[in-house]
Amino acid sequence: MEIDETNRRLEAAKKTSGKGREFWMARDIQSVLGYATWENFKGVVERAAESCRAGGQDILDHFRGTTKKVEIGSGAAKDIEDYFLTRYACYLVAMNGQASKAEVATAQRYFAVQTRLNEISQEQIGNSERLRLRNRLTEATKHLNSAAKRAGVQNYANFTN
């Protein structure tokens, strides 16, 4: 599978929660990463969760177990295991996958690049918020100094200290 196709499939599998948070379902990315069976892929997810725990993170913040119903024929359904995965969890899953699979190597690059782009975006949001607060403080200081002048303050050094 070519890089662009893997990236497109990973983007297509991405979902957004009601609170605007990105997540993926493990079974949705299983085939994107080149795993034919859940049994093999579940081991990758479990290793990734252990890596998360070893890194000092709360597993439940990134790997949330769930079940979903699937039809098995003649209208019958059964529950199957799945996981909600954060971007970080997906990155760890890709890092714990079989590196010999081209899909896994592509996913590793995808999540590394997307994580960095997200970090840059968050930094820009933080910078914008800092600038907004700094401008607000400047305006408040101007109003305070103006009020102090009208009140007859003569020693601004002591006033502002």
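Strands are DSSP runs of E with at least two residues and helices are runs of H or I with at least four, numbered from the N terminus.

The open sheet has four strands in the order β1-β2-β4-β3, with antiparallel pairing.

## Basis of the model

This is a predicted model, in which local features need pLDDT of at least 70 and side-chain atom pairs count only at pLDDT 80 or more, while totals for chains, interfaces and linings use all residues. Residues are numbered from 1 along each chain as its sequence is written, and side-chain values use heavy atoms, with hydrogens and water left out.

## Helices α3 and α4

Helix α3 (residues 38-54) and helix α4 (residues 87-96) pack at an angle of about 115°, with their axes 8 Å apart; axes are lines fitted to C-alpha atoms, for helices over the stretch in contact, and angles run from 0 to 180 degrees between N-to-C directions. In their contact (heavy atoms within 4.5 Å), residues of α3 including Phe-41, Val-44 and Arg-47 meet Tyr-88, Leu-92, Val-93 and Asn-96 in α4.

## Burial of α4

In α4, Arg-87, Ala-89, Cys-90, Leu-92, Val-93 and Ala-94 are buried, meaning under 20% relative accessible area with a 1.4 Å probe and protein chains only. The elements covering these residues include α3, β3, β4 and α5 (102-150).

Terms used. Pairing = 2+ DSSP bridges. Buried < 20%, exposed > 50% of the residue type's maximum accessible area, 1.4 Å probe, protein only.
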